[in-house]
Every structure is written in C-alpha cells, then in structure tokens.
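Please look through the sequence and the structure below before reading on. The paragraphs that follow move from single residues to the whole chain.

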Amino acid sequence: MKKRETKALVASLIGSSIEWFDFFLYGTMASLVFNQLFFPNFDPVVGLLLSYASFGIPFFIRPLGGIIFSHIGDKIGRKKTLVLTLSLMGIATVFIGLLPDYKTIGIWAPILLTVLRLIQGLGIGGEWGGALLLAVEYSSKDRKGFFGSVPQMGVTIGMLLGTLSISLMTLLPDSQFMSWGWRIPFILSAILVFIGLWIRNGIDETPEFKETQKSGKIAKVPLFDTLRYQWKSVLLAVGAKVVETGPFYIFSTFIISYGTGHLGFPKTTVLNAVTIATLITTITIPFMGKWSDRIGRKPLYVWGTVAIILYAFPYFYLLSSKSPFLLIVATVIGLGILWAPVTAVLGTLFSEIFTTHVRYTGVTLGYQLGAAIAGGTAPLIATALLETYNNSWVPVALYIVLTGIISLIAISFVPNQKMSDVQQSQQVAK
C-alpha cells in the first residue's frame, strides 16, 4: 500500500473514531445519567423517553449538517471539510461534560444539553461522507471495498472507546459517578480531537476530487444537481441505510436500558457485553470489506440483512433467559457478527451509485436521511413499544424485521457491482 493511501486511511479512521466516540458517549449516558440529572421531574419512563428524544433529535439535524458540509466538500474539497466537522464535534462534546445539571440551572440544563447535542449532529452530519470519500477516493479500483470499510470501523472503535471509558467510570461509587465521574470522558475527548486535527491537517486532497477540479466539473450547487439528476440514488441510499442503523441502535443503545431496567442486569454486565461485541465487529468489518472486493457489495449486504431479519426473535429469546452469558452471546451475534457485513459495504456501495462531482452530497444525504428515519428513533420507538405492549419484546423484534424488509426492497434496485474493473479484465482475458 502506498504511503499516501495509508496516511489517508489513518486520517479517515482516526477522525471518524473520535467523532463517533463523542456521539456514542452521549447515547450511553442518555440511558444511565441524563434521564436522572437533566430530566428528573418526570416519571422514570417519561424521563427515559425524553432522554432518548434528546438522543434522537440530532439525527434529524444531521441531514442539515450533511447538506452544509457536503456542499463545502463538493466545492472546495474533502480535507478542509473534515477539519471543520471534527472541530465542531469536539467543542460541543467538551461543553456537554462541563454543563451544570437540572438542580443547578433548572430548565436551562435540558435546553442547553439539547442545543449542544444539535451541534454534535451538525458535525457528524458532514463527517461520515467526508471520511468515507477520503478513503475510497484514494484507493485503487480493486480495493475500494476494503478502503470503504475502514471508516466504518470508526463507528465501532468510537463506540468501543465510549463504552470502555464509561465502564471504567462506573467502577466509581454510584454517587461519585453521577456527580462527576460521567463528565470525565466528555472533557478528555479534547485530547483526541487535537490529535485528529493534527493528522487531518497533514494530508492532501483526494486524487479523484483533484481530477474533478481540473476538468472544471465542480457543481455550482451540489444539492440541486443531486436532487435533479440522482434523486433515485438518494432514495435507494436512504432505504439501504435503514437496516444498518435501526438494529444497530437496538443492539448497542436500547439494550443498555432494556438490560438494566427490564431484565435486571447490572450496568457493568450490559456494558461489557456491548464492549465485547463491538470489539469483535471492529475486527470483522475490514475482512468483510475485503471480501466484498471479491464477491461484490450487494450479495454481502443482502446476506447480512436476511440474517438480521432471521435473528430478530432469537435475539430477544436469548435475552429473556436473563443469563449474563447468553446476554453476551446474543449481543455478539447481533452486533458483532450479523451487523458487520451490512455496515462494511454500505459506504462503498453508496459511493458507487453517485458521480464524483456530487458524491459527497449524494452519499451524505442518503446516509443522514436514513439515519434520521431509522437511527435516532430506534431506542425511542423500542422503549415506546415496550411501554405500550406491557413490556413484550415481540413488537420490538417485529420492528427489526421491518427495517430489514425495507432495506431489501431498496437494495433490489441497486446494480450488482460483482467484480472490480481489474477482475473484469482478468475474466475477459480468460
């Protein structure tokens, strides 16, 4: 691998990991802390729902962030945009760690928490597409699957760092954890942000974007061109994103409140299960990406989606045993194994259905709209379903099945990129 390609991969991965560490830190704290410290004057279930609502709201601001930063990315380049998104996320995350709670400043606490969360949403809205394109547009044509999977590792690495830091903090006495321990990971994230900015500042613009600049094909308003000429691709991307994001937040975020509140597991037990599963999927993702360079993105995506559909009911059945061992097994299978092939190919799959001059806008719009529809709402919907149907997990399992069906319909319209250009040439030569 060339030195500049390696540098681009590292810049893509580390920035993405930091952004998602910040983002998932909030998601976990929404289950454990914010429902008590920032929404305390409500019924416990209502408080949890409001906490999850503050978790979900930024998913609807992410498309706006995506539009803003993808416009910049398609106009002036991927590199400069990624520096902006990382800076925005970092500032918001540190301020969350410094924010006074409800007892100190009253109603301003949940209001300011939500505002900072919205700022996080703006930053993450532009981050994913840029990190993906930084990797894919530096790769050779026969390695795009592998390169496109590396930024996806940032999602799980960020989550792994988040859950590990929280697990360490939960070793504190509960009073100290609720008082100041939960703040430490948010504040210390500033160190990671500085490292990420330093690395990203040291890379060059992607070769494919440079070629587009030289050819003079830069879109005047990338969003207009995308919606006018490639709106079908946007819809396909939105539909394909649903199964990648909905079940993910069930397996990784909802399970924390469900496992501790309904099944009676200790916080550390549930967090450890998620941590183990996240570690496994982090290792699995690049192998799945590399495999997609051999068999194609679409087949791997379909297999993963069908597996998630078939696993929805067994997943909750394993959890209902209330066995710590089966909790780990259930989480590892869902998050660590079955979700991996879907997320590994998603980015490269998206990049292949949009042209270079609007690619940042196209992949970002599809990804963030799909995340808004099925991602941020997933823990909220799952919690509401439990409350509505007397704590029965069957409706939540059906919700997972529904996400899979929607995505299978969407992916059926996507052309099958079975072989890379290099492989096709070899096939013709034979």
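**A walk through the model**

Ile91 counts as exposed, at 52% relative accessibility, where buried means under 20% relative accessible area, exposed over 50%, and partly exposed in between, with a 1.4 Å probe and protein chains only. Ile91 has its place in helix α3, residues 78–98; here helices (H or I, at least four residues) and strands (E, at least two) are DSSP runs, numbered from the N terminus. In sequence Ile91 and Ala190 are 99 residues apart, while in space their C-alpha atoms are 7.8 Å apart.

What is shown here is a predicted model, in which local features need pLDDT of at least 70 and side-chain atom pairs count only at pLDDT 80 or more, whereas totals for chains, interfaces and linings use all residues. Residues are numbered from 1 along each chain as its sequence is written, and side-chain values use heavy atoms, with hydrogens and water left out.

The protein as a whole has 18 helices and zero strands. Its radius of gyration is 21 Å, close to the 22 Å that the globule rule gives for 430 residues, so the protein is as compact as a globular protein of that length; the radius is taken over C-alpha atoms, and the rule is 2.2 Å times the number of residues to the power 0.38. Taken along the principal axes, the box filled by the C-alpha atoms is roughly 65 × 40 × 40 Å. Of the 430 residues, 60% count as buried. Among contacts between residues at least 6 apart in sequence, 86% join residues at least 24 apart, a contact meaning heavy atoms within 4.5 Å.

The protein exposes about 16,800 Å², of which carbon and sulfur atoms supply 69%; accessible areas come from the Shrake-Rupley method with a 1.4 Å probe, and for residues only the protein chains shown count as cover. There are 32 positive and 20 negative side chains, and the centres of the two sets lie 5 Å apart. In this count Lys and Arg are positive and Asp and Glu negative, with His and the chain ends not counted, and the place of a charge is NZ of Lys, CZ of Arg, CG of Asp or CD of Glu.

Leu13, in helix α1 (residues 3–37), is partly exposed, with a relative accessible area of 21%. Leaving aside residues up to four places away in sequence, Leu13 touches Val150, Met153, Gly154 and Ile157, and its C-alpha atom is separated by 9.1 Å from that of Val155, 142 residues apart along the chain. Thr268, in helix α12 (residues 267–295), is also partly exposed, at a relative accessible area of 30%, and 9.1 Å separates its C-alpha atom from that of Leu168, 100 residues apart along the chain. Thr114, in helix α5 (residues 108–136), is buried, with a relative accessible area of 19%; Thr114 and Gly366 are 252 residues apart in sequence and 24 Å apart in space, C-alpha to C-alpha.

Next comes the loop between α16 and α17, where Asn390 has its place and where Asn391 is also found. Most residues other than glycine have a negative phi. Asn390, although not a glycine, has a positive phi of about 50°, and the phi of Asn391 is positive too, near 65°. Asn390 is exposed, with a relative accessible area of 73%, whereas Asn391 is partly exposed, at 43%.

What does helix α17 (residues 394–411) span? At 1.5 Å a residue, its 18 residues should span 26 Å, and its end C-alpha atoms are 26 Å apart, which agrees; the expected span is 1.5 Å times one less than the number of residues.
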